[in-house]
Every structure is written in structure tokens, then in C-alpha cells.
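Welcome, and please open your viewer. We will walk through one chain together, stop by stop, and at each stop you will learn what to select.

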Amino acid sequence: MHSDARESFRENGFLFPVQFLNEEEKIFYENKYNEYAKIYGSSVKGDETCRIRGNKIFRLHIAAKWAADLVRHPLLIQTVSQILDTPNLLIWSSDLAVKPANSTQCFGWHQDEAYAHLGPEDKLLTAWIAFSDSNSNNGCVSFIRGSHKLGQLAHKSQARTPEQNLVLGQVVADQHLIEDLAEDVINCEIKGKHPCTPGELFTPPNQISLTRTGLG
Ligand SMILES: O=C(O)CCC(=O)C(=O)O
């Protein structure tokens with residue numbers, strides 16, 4: 001990765017796509033995820049997809065060796081080290097982010113840093129690793145370019161509804177601010193299971209009949 005990629009991350013608050021898996025590895029990890037979902041997932045009526053729920057979606061790298069290997073992949077570590085400008089990294093969590101086919105579930109606008117009460121902000125990032133294609137139709141992650149420069153924004157709790165995928169339900173409190181920044185919204189479209197590294201994000205519903213799956 002070039003230092004201009006680091007600059008671009010600092011300027012925009014995200015960087016994508018960053019490809020660190022070769023074709024063989026992509027298939028390997030996709031299969032591993034599918035096996036895991038088959039063992040620990042459950043399906044709901046009308047949707048055959050096995051979905052993992054509750055505590056089993058969090059800190060996957062502690063529960064499953066394949067996930068531990070994935071989040072420590074040397075090329076991913078290299079990229080994150082370069083962006084954060086340090087060889088000392090702590091993997092805080094690794095959480096599944098699945099949107100079933102034809103679902104209404106969203107993740108409202110939020111900052112992971114505010115969500116997890118972690119900091120300082122220039123020393124942390126989320127690497128969102130796609131296990132499926134991710135695009136505007138199946139509810140890819142969106143960012144507001146440059147919004148990380150606003151610092152940590154106040155968040156408010158939102159009532160839990162079937163449409164709301166955030167575990168604590170917290171979203172950016174100032175919705176007018178989000179509306180004012182609408183022109184800077186970037187959809188993180190990822191073809192062929194590439195990973196990316198986001199700042200502040202929102203993700204709309206999956207409107208098509210293919211599940212959208214990632215690990216953040
Ligand atoms: O996968 C998504 O759509 C959102 C994930 C997310 O909110 C996160 O990684 O913090």
C-alpha cells in the first residue's frame with residue numbers, strides 16, 4: 001500500500017476496496033463461514049438462510065480458528081498497520097454483519113468509535129471483510145466522506161425494531177446534520193468479496209434475494 005492510500009484514508013475516513021485474499025483463500029473463508037453458519041445458525045420461517053444470532057455473532061476470532069486466522073491475515077495486518085502507522089495492533093472484536101435476502105434490516109448512521117467507547121480515533125479502525133458481493137441493492141455499507149473530521153458525534157438510542165440491526169440501537173442524534181451531508185454519502189460497493197476499512201457508516205436494506213454477509 002502506498003502512503004497516498006494512508007492519506008486518502010485520513011482524508012476520506014475510509015478506504016476501499018483493499019484486496020488481501022487470493023481466489024483460493026476467498027473460497028476457503030466463504031466455505032468456513034457457511035459451515036459455521038450451518039452449525040450455529042438458525043433459519044426463520046420463509047427464509048432458508050442459516051443466520052447466526054445472539055452472542056455467537058460477536059468476537060468470532062475468539063470462538064473460531066478460521067476467523068482468528070482471517071483477522072490476522074498478514075496482508076490485512078500490513079494494511080491496517082500502514083494506515084494506523086504502528087506495528088502494535090489489538091484486535092478488539094470481530095462481529096458478523098449479515099443482512100438476509102429481501103429483508104428490511106438497516107444499521108442506522110453511527111460511528112463505531114462512539115459505539116464501542118474506544119479511542120483515540122486516529123488509532124482505531126474497522127476492517128469490514130465481505131463474504132459476499134456487497135452493493136446498493138443488497139444493502140452495502142455507506143460512508144459520509146470526511147465526516148470523521150467532525151469528531152465524535154452525539155448518539156441517541158433508537159427503539160429496537162425488526163428494521164434495526166444495531167445491537168444497542170444507537171444512531172447519530174442530529175439527523176439534520178446527516179441530511180445536510182447527503183451529497184457526501186459514498187456507497188461501499190465491493191465485488192468479489194474484497195475487504196474495506198470504514199469510518200462512519202450506514203447500511204440500507206437488502207432488497208434482493210441473496211444474503212449479504214460481512215465480518216467487521
Ligand atoms: O455490515 C453492515 O451493514 C454494518 C456494519 C457495522 O455497522 C459496523 O461494522 O460497524
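Here is a short tour from the whole chain down to single residues.

**The whole chain.** Keep in mind that this is a predicted model. Show the chain as a cartoon and look for 7 helices and 12 strands. Of its 216 residues, 33% count as buried. Now think about contacts between residues at least 6 apart in sequence: 80% of them join residues at least 24 apart.

**The core.** Next, select Phe14, Leu15, Phe16, Ile129 and Cys188. Within the largest nonpolar core, which has 31 residues, these five touch the most other members. Then colour the elements that each give two or more residues to this core: helices H2 (23-40), H4 (65-71) and H5 (74-84), along with strands E3 (96-99), E5 (128-130) and E6 (142-144).

**Strand E3.** Stay with E3 and show its side chains. Which residues point the same way as Leu96? Val98 does, while Ala97 and Lys99 point the other way. Are these four residues buried or exposed? All of them are buried, Lys99 included.

E12 pairs with E3 in the antiparallel sense, over 4 bridges. Select valine 98 again, and opposite this residue in E12 you will find threonine 213.

**Two cis peptide bonds.** Most peptide bonds are trans, and most residues other than glycine have a negative phi.

- Select phenylalanine 16 and proline 17: a cis peptide bond joins them, with omega about -10°. Proline 17 sits in the loop between helix H1 (3-12) and H2.
- Select glycine 119 and proline 120: here too the peptide bond is cis, with omega about 0°. Look for proline 120 in the loop that runs between helix H6 (112-116) and E5.

**Two positive phi angles.** Move on to arginine 59, in the loop between strand E2 (47-51) and helix H3 (60-63). Its phi is near 45°, a positive value in a residue that is not glycine. Arginine 59 counts as partly exposed because it has 15 C-beta neighbours inside 10 Å.

Finish at aspartate 85, in the loop between H5 and E3. Aspartate 85 is not a glycine either, yet its phi is positive, at about 60°. Why does aspartate 85 count as exposed? It has 11 C-beta neighbours inside 10 Å, and a residue with 12 or fewer counts as exposed.

Note on methods. Residues are numbered from 1 along each chain as its sequence is written. This is a predicted model: local features need pLDDT of at least 70, side-chain atom pairs count only at pLDDT 80 or more; totals for chains, interfaces and linings use all residues. A nonpolar core is a set of buried Ala, Val, Leu, Ile, Met, Phe, Trp, Tyr and Cys residues joined through C-beta atoms within 7 Å. A residue is buried if 20 or more other C-beta atoms lie within 10 Å of its own, exposed if 12 or fewer, and partly exposed in between; C-beta atoms are placed from the backbone. Two strands pair if DSSP finds at least two bridges between them. Two residues are in contact if their C-beta atoms, placed from the backbone, lie within 7 Å.
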